[in-house]
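Hi,

Here is the structure I promised to pass on. Have a look at it first, and then read my notes below.

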Amino acid sequence: MTNDLILTELLQSRKYNPLTKPEAEQVIFTVQGKVVATLENYCVISGLPKAGKSSFVSAIAASAFVPAFSDVFGMKLLLPKQRQKVAYFDTESSQYDFYRQIERIKHFADKRTLPENFDGFSMREDMPGRIRKLIEQYLIENLDCAVLIVDGLLDLCLNYNDETETRLLTNWFKRLTKQYNILLIGVLHLGKGQGETLGHLGSNTDRWAQSTLIVEKNKETKQLVLKPKYLRSSDDFEPVAIMNFDGRWQQVPYLQSEQIVVSKKTKK
């Protein structure tokens, strides 16, 4: 088959077909009822190192396994009836932290054991190219997977400041989400000082992601806070604040540092 013939077939496959009626957009991830992400898209959870991103990611994952009328801290994964599987790929954590994260997911879901429709993988020792191949192989073998969580995206490339490599990786996100009809939730660090997602990879993900959320750790209020940065499909939701009380995370009213200062002055 000649190159021209291949291009002709590709062009025809991309052409608008008036007989095609796509299914209604499937909302998969909401916060406080606001649409954060849908199938065939990806969203990013960003934050400084040790800011609490993994705590929120575990809560998001767990929200798929609580009753349909429930959520976790106002967050909810809504899985299609025929595609109930969630996959979690950890590229950073030690074995101890990886298993602790799985325990946290079970805790938030109020489960003694993991549901059969959850798969977790530790990829710390693998190079970026192999991680990407393993992720895609998983999707080929598990067509009932609707949500793929990758913690974190930096380990999918060698140089997060390389324009060509990060653009190719972003195109891989776009192809993966469309070809396998999934929602990809990726975790990405913020750059210290500027408060922006890291490098050219961060710039690319912000540009094409359906949503970018930020996790902050407020040392004054002792809260971990999830905030919207970019939401393409809805209005912003209110910041989600959680605190740890004797080893148990609980949602609390969101406090800003200024409110703590005012409260101290009032007491004086």
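**What I found**

Asp126 is buried, with a relative accessible area of 18%. That puts Asp126 under the 20% cut-off for a buried residue. Its side chain meets that of Arg130 in a salt bridge, at 3.9 Å from N to O. Arg130, in contrast, counts as exposed, because its relative accessibility is 54% and the exposed class begins over 50%. Before I go on, please keep in mind that this is a predicted model.

As background, side chains of opposite charge can pair when their charged atoms come close.

The part I would look at next is a network of salt bridges that links Lys85, Asp119 and Asp144. Take the pair of Lys85 and Asp119 to begin with: their closest N and O atoms are 3.9 Å apart. Lys85 lies in strand 5 and Asp119 in strand 6 (residues 118-122), so this pair ties together parts that are 34 residues apart in sequence. Lys85 is buried, at 13% relative accessible area, whereas Asp119 is partly exposed, at 21%.

The other pair is Asp144 with Lys85, and here too the closest N and O atoms are 3.9 Å apart. Asp144 sits in the loop between helix 4 (128-141) and strand 7, and Lys85 is in strand 5, so the pair ties together parts that are 59 residues apart in sequence. Asp144 is partly exposed, with a relative accessible area of 31%.

**The strands around strand 7**

Strand 7 covers residues 145-151, and seven of its seven residues are buried. Which strands does it pair with? One is strand 5 (residues 85-90), which pairs with strand 7 in the parallel sense over six bridges. Another is strand 8 (residues 183-189), which runs parallel to strand 7 and is joined to it by five bridges.

Ala87 stands opposite Leu148 of strand 7, and the bridge partner of Leu148 in strand 8 is Leu184.

In soluble globular proteins, nonpolar side chains tend to be buried together. In this model, the largest nonpolar core has 45 residues, and the members that touch the most others are Phe29, Phe73, Met75, Val147 and Ile185. Which helix gives the most to this core? That is helix 2 (residues 53-62), with six residues. There is also a second, separate core of 27 residues, and Tyr138, Cys145, Trp172 and Tyr180 are included in it.

Met75 is worth a click. Setting aside neighbours within four places in sequence, Met75 is in contact with Phe29, Thr30, Val31, Phe56, Ala59, Ile60, Ser63 and Leu226.

Helix 2 is mostly covered, as nine of its 10 residues are buried. Among the buried ones are Lys53, Phe56, Ala59 and Ile60. Ser55 lies in helix 2 as well, and it counts as buried because its relative accessibility is 8%. Not counting residues up to four places away in sequence, Ser55 touches Arg104, Phe108, Leu224 and Trp249.

Next is helix 6 (residues 199-208), whose buried residues are Leu201, Gly202, Asn204, Thr205 and Asp206. What do these buried residues pack against? They pack against strand 3 (41-47), helix 5 (163-179), strand 8, strand 9 (211-218) and strand 10 (223-231).

**A patch on the surface**

Finally, turn to the outside of the model. Ile6, Leu7 and Leu10 form a nonpolar patch on the surface, and together they have about 250 Å² of accessible area. Ile6 is placed in helix 1 (residues 3-14). Is Ile6 partly exposed or buried? With 34% relative accessibility, Ile6 counts as partly exposed.

Best wishes

Notes:
Residues numbered from 1 in each chain as written. Predicted model: local features only at pLDDT ≥ 70, side-chain atom pairs only at ≥ 80, totals over all residues. Heavy atoms only, no water. Patch = residues over 30% accessible without salt bridge, like charges linked within 9 Å, V, L, I, M, F, W, Y side chains within 5 Å. Areas by Shrake-Rupley, 256 points an atom, 1.4 Å probe, with all protein chains shown as cover. Salt bridge = Lys/Arg side-chain N within 4 Å of Asp/Glu carboxyl O. Helix = DSSP H or I, 4+ residues; strand = E, 2+ residues; numbered from the N terminus. Buried < 20%, exposed > 50% of the residue type's maximum accessible area, 1.4 Å probe, protein only. Core = buried A, V, L, I, M, F, W, Y, C linked by side-chain atoms within 4.5 Å. Contact = heavy atoms within 4.5 Å. Pairing = 2+ DSSP bridges.
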